[in-house]
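Welcome, and please open the model in your viewer. We will walk through it one selection at a time.

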Amino acid sequence: MERSCRVAPIPGIVPEPDMKPYDPAAGITTLSQDLIRLLGEESVLAGQSAERAYDCDAYTVDRSRPAAVVLPNNTEEVAKVVRYCVKHSIPFTARGAGTGLSGGALPALGGVVISTKRLTKILEIDLPNRRMLAQTGIANKKLSDAVKHAGLHFAPDPSSQTVATLGGNIAENAGGPHTLKYGVTSNHVLGVTMVDPLGEIVTFGGKHFGGPEFDFVGLICGSEGTLGIVTEAWIKLTPLPKVVRTALASFDTIRGATETVAGIIAKGTIPAALEMMDSGILKAVSAAFGVTYPVGTQALLLIECDGDDVATVEAEMQAVREVCQSNNCLDIAMAETEADRAKLWTARKKGVGAMGRLAPSIVTHDGVIPRSKLPEMLDFVYRVAADAKVGVANIFHAGDGNLHPCFYFDDRDPEQVKNVVEAGEAIIRKCLDLGGSVTGEHGVGVEKIDLMPLMFSEADLRMQGKAKAIFNDGTLCNPCKILPNQKSCVEHKMRWRGMAW
Amino acid sequence: MKRVEDLTAQCIRCGFCLEDCPTFTETGSELESPRGRIYLVRSAVEGKLRWQEDVKPHLDRCLGCRACETACPSGVQYGAILEFARDKIEQEKPSALKKGFLAGTTSPTILRTQLNLARLLPGKRVPGPLSKLLSGETAEADLPTLPTALKGDPLAGMDQASLPAVKGEVYLLEGCAMRVLYPHVHWATRRLLRRIGYVVREVPQGCCGALHAHNGYLDEAKKMGNSLVQTLSGDLPIVVNSAGCGSTMKEYGHLLETEAGAEFAKRTFDLSEFLLQNGLQEELAKAKGLSQRITYHDACHLSHGQKITEAPRALLKSIPNAEYVELPESLTCCGSAGIYNVVQPKLARRLLNRKWKHVESTQATVVAMGNPGCHGWIAQASRETGGRIEVVHTAELLERAFSG
């Protein structure tokens, strides 16, 4: 079956100019020289090597070459490039560390990739008021490292936090294991400085939550770079919990683990994190990080409870332990030291990265279901993978019902690529059948654009299109993302897929 | 040897290596990142990019520090990919100048002669025209100065009564540049080995081939490696005090593709691990000690190449009366990286400045390390800032704890 748009383009979401890929040959011939004149030679990458290195993010199934890549050194330089692109009708796409998993940083129509990786400074730390101003190219973890001494941290902790940028986190409204208790990125961003799609530098929000204006910051968080390029942000700093208990529970059946998750939540306990890993991922994780577990383990739950007083946290952990035992867990091992705890979290957070030990390529899917449906859903995931003849491993935020089935395969074989894409779609459809969502935290990007109409009515999508049009009523700023409104979407998809190795 | 197609296919492009790559964090460019470089090599192997025009400039800018290997959850063997690709590029279009420079650096006789001649030149840096030719940039690295030759028995003057009986012999890799530029490190090494009951079996020996393997001359590296395997034959442990050499020698199984190479690799030890395993800590407890504030820089080929970070720290922390402080970003390359500070002076200088800023922040009186490349380069930063912080090889400092 040919992959294509499942629905006709929905008119009226944005004005309908032709969405043509930018053709460097037909376009402005002096593109890279012009960019060099604007930013200097050290800040412009062009040529075949740059086109390749920036043709996808960590979602490697679809690829599209940029005509040039720029590395601006400040907000004003970002604005200069955007204004230049607007003047010459060149599409542009922002990129942080390129760790996204849905193709959000894919330069879908070519054009200019605007990297934030030279915007990596912390500009102001306001400890008494627990907030910080930082440029958005900085890696997430560096934000927390900078205030650790004061007992604070930036709470959103996506698994890629050692590299993923603040800007990327804002664009995707990133979550992470501790989302369960602390919320997603939008709950921690107070204000932003953004270069809008016309190249104006604008600011929204401020140093604190809850101004009288409409919550534009909330809208910008999760807009996947389609509303502009955020270059600086005020973020909220959260106290580190005084008491943390981390347990690793092992089960000899998948059902045992998934029933435990549903049970813990049903009991009213909200751990700080409740993560699941199945036997597929354990092969890679034990080789990479030396995590050990009892023989016969089919699933592990990584459970963390935290708080400010020992008694409450211990009571929570005891409740968790009881649910684990009632589901016949093989063992519950507590992390005894901070080093043990760090090792468990490294294994969890870098677990997907270790999948290269099993196959040359992975696609990490992202769907959400009600937690009570976890047992049924995982059974379905294994069945779909078996039918598609691709490997699957699961490593995910079980506590908030956010699945990450991770398919591993060889992307040099087009047949396998096709199977993986189809299996992914089947899983997302099932998520929706069970009352869930097409994405939990990885974003829509180009990966899920076809699936949006399965979740939203035409009226829903039109409303979202209007919201987008407040900031972006053109087609240059990160085109072909989120909303399935573009013409020629079928051809674009074939082109992206054709670029795969 | 594993096929390069398979080595590059192991990268799933997760990007977890990026923040650990010094050239990526300095430039922000993914062309100067491990993920980018692996993709470029993979594309060139598949005929989609050109080795010289598209790939070479970015591999030239790679330090080969292998911090990405430590960061990589998938276990991608970046070092092996880099060696393959650089060899491919050099063999396709050899650079006579680079080859000559390597030959000069790795032959003790030529190196000694060159350095003697260089004293006649004006200035203290690598000669400008040579630097321009090699890198297109102005030189940053000072020419090394020839140390005064050490004569006599290294073991002379040791307090025989306090020494344990001799347990056995080891080989010591004398190295090419190491024996010319740092004879006093070998001197200290021999004394430390004696303090744990080992003496060095002295044999004439050549270069290990590490610099050749790292710079695109795998065939030469193999020749040198095979010859070293023959010279240091038998079953004696081989002790190495230069991280770059040790790292390559531990990978002889892969490089030489022989059983003998693999067997040789198994009996190769970095000095710090050998000293720790064989009881130097107990000996140190009885030593006079040093009243110094010590910090330690991880040479990349020790920490990332050989995964040795704890042994040298454990030893330094055991020096009586000394205070040990951690160096921020100790795992980040200083920019020396073999011949990198000669072929990429600009980036190398930025990394040196970054390293030195951290060294100064520790307020240490002495910084120790286990590799001649870092040693010379970081010592230059010390000289340039008034020489208040001494730069030494770990072995020198440990030996001083005994003999003052």
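**Stop one: a pair of helices**

Select residues 254–266 of chain A, which form helix α8, and residues 374–388 of chain A, which form helix α12: their axes come within 8 Å and cross at roughly 145°. Axes here are lines fitted to C-alpha atoms, for helices over the stretch in contact, with angles running from 0 to 180 degrees between N-to-C directions. Helices (H or I, at least four residues) and strands (E, at least two) are DSSP runs, numbered from the N terminus.

Before moving on, a word on the numbering and the model. Residues are numbered from 1 along each chain as its sequence is written, and chains are lettered from A and ligands numbered from 1 in the order in which they are written. This is a predicted model, in which local features need pLDDT of at least 70 and side-chain atom pairs count only at pLDDT 80 or more, while totals for chains, interfaces and linings use all residues.

On α8(A), pick A:I254, A:R255, A:T258, A:E259, A:V261 and A:A262; on α12(A), pick A:L374, A:P375 and A:L378. Residues are in contact if their C-beta atoms, placed from the backbone, lie within 7 Å. This contact has six nonpolar, one polar and two charged residues. Ala, Val, Leu, Ile, Met, Phe, Trp, Tyr, Cys and Pro count as nonpolar, Asp, Glu, Lys and Arg as charged, and the others, Gly among them, as polar.

**Stop two: the domains of chain A**

Color chain A by its assigned domains: domain 1 (31–115 + 461–498), domain 2 (122–239), domain 3 (243–346) and domain 4 (353–450). The bounds come from an automatic or database domain assignment. Next, keep domains 2 and 4 of chain A in view; their C-alpha centres lie 28 Å apart. Where they touch, domain 2 of chain A gives seven residues and domain 4 of chain A gives 10.

**Stop three: where the chains meet**

Zoom out to see the 16 helices and 20 strands of chain A. Its C-alpha trace spans about 65 × 60 × 40 Å along the principal axes.

Terms used: Contact = placed C-beta atoms within 7 Å.
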